[in-house]
Amino acid sequence: MEYFKLNNGERMPAIGFGVYQIPKEAAVQAVLDALEIGYRKIDTAQSYRNEEEVGEALARSGLRRGEVYVTTKVWIEFYGYDSAKESVMRSLDRLRTDYADLVLLHQPFGDYYGAYRALIDLQREGLVRSVGVSNFYPDRLSDIAAFGGEVPQVNQIEINPFFTQKEAVDNMRREGVLAESWGPFREGKDGIFTDPTLTDIARRHGRSVAQVILRWLYQLGISSNCKSVRRERMKENFSVFDFALTEEDMARVAALDTGRSLFLDHRTPEAVALFKSFIESRRGKV
Ligand SMILES: NC(=O)c1ccc[n+]([C@@H]2O[C@H](COP(=O)([O-])OP(=O)(O)OC[C@H]3O[C@@H](n4cnc5c(N)ncnc54)[C@H](OP(=O)(O)O)[C@@H]3O)[C@@H](O)[C@H]2O)c1
């Protein structure tokens, strides 16, 4: 496994296994498979509602706690200092662990400043090793880096060949924040696996499109999280450290950028309204 270094000296595996949209009944086995294949970073969140299953798989894996990097995310319903702190303690219980390697604020809405202060205090208490944010665009990221009390270690945002987020990644580099990709395969949408450029690069290297994408992210210095419930794909996605893309390949992938998110632009009033509605629709379920 290759690692990236964070601004607090901790290190994070370059590729992780994400469990978003893996239903509870499949999550334990999926995480066990991923750990057996060699993944050493598991990316979950309070709102994925499978922290308990991740905890069960970690316990059953036979691995020592220090061998696996565990990330979770605070859901916006629990923003504000006290509520965020309590919610992280509940996450640790569900994950059956004394500490999380990384806790992220899931979205840049509501009282994320209070929640961020809670994460920093939990970090001081040793319950959280690294703190970070997610879906923070350059303005929000620079704001919290400047005024939050500590520069976040990580910002996890959507990054894939159709949404390369170069401006955001460059800004993170200037701020000393590690960029982490979610949705590296664009959730399999928009024909990403049959894109002619990606298919051509994959063919030239005798690899799959998924491997080309994860290798492209790795060579950009971006940590990634990918999801699959199929063991063969998990293996395929993990095997990207034994080949290299050329500068020309890298440029061809970068040129696929459409500037459009898979999901939505977090900077719009519509996004704020949507996430506000998510708080209501998920209340009592997270
Ligand atoms: N911070 C955030 O707001 C946020 C948002 C979204 C996601 N995330 C994190 O990022 C992780 C990854 O993102 P994601 O789950 O949305 O999507 P993703 O990893 O981009 O794509 C997953 C999709 O690709 C398919 N797939 C996986 N490997 C494949 C392969 N080698 N060949 C063909 N198809 C393949 C999967 O199907 P099968 O499962 O059937 O193989 C699934 O449909 C999440 O699990 C989560 O941890 C974070």
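Q: This is a predicted model. What makes strand E8 (residues 154–158) count as largely enclosed?
A: A residue is buried once 20 or more other C-beta atoms lie within 10 Å of its own. Five of the five residues in E8 are buried, so the rest of the structure largely encloses the strand.

Q: How do you know that E8 and strand E7 (residues 128–134) pair?
A: Pairing takes at least two bridges. E7 and E8 have three, in the parallel sense. Val133 sits opposite Asn155 of E8.

Q: Why is the crossover from E7 to E8 called right-handed?
A: With the strands pointing away from you, a clockwise path from the first strand over the helix to the second is right-handed. Here the chain goes from E7 through helix H5 (residues 138–147) to E8, and this β-α-β crossover is right-handed.

Q: What makes E8 and strand E9 (residues 178–182) a pair?
A: The cut-off is at least two bridges, and E8 and E9 have five, in the parallel sense. Ala179 in E9 is the bridge partner of Asn155.

Q: How do you know which side of helix H7 (residues 196–205) is the buried one?
A: Its buried residues are Leu198, Ile201 and Ala202. They span an arc of only 100 degrees around the axis, so they lie on the same side of H7. Pro196, Arg203 and Arg204 are exposed, on the face turned away from that buried side.

Notes:
Residues are numbered from 1 along each chain as its sequence is written. This is a predicted model: local features need pLDDT of at least 70, side-chain atom pairs count only at pLDDT 80 or more; totals for chains, interfaces and linings use all residues. A residue is buried if 20 or more other C-beta atoms lie within 10 Å of its own, exposed if 12 or fewer, and partly exposed in between; C-beta atoms are placed from the backbone. Helices (H or I, at least four residues) and strands (E, at least two) are DSSP runs, numbered from the N terminus. The arc is that of the directions from the helix axis to the C-beta atoms.
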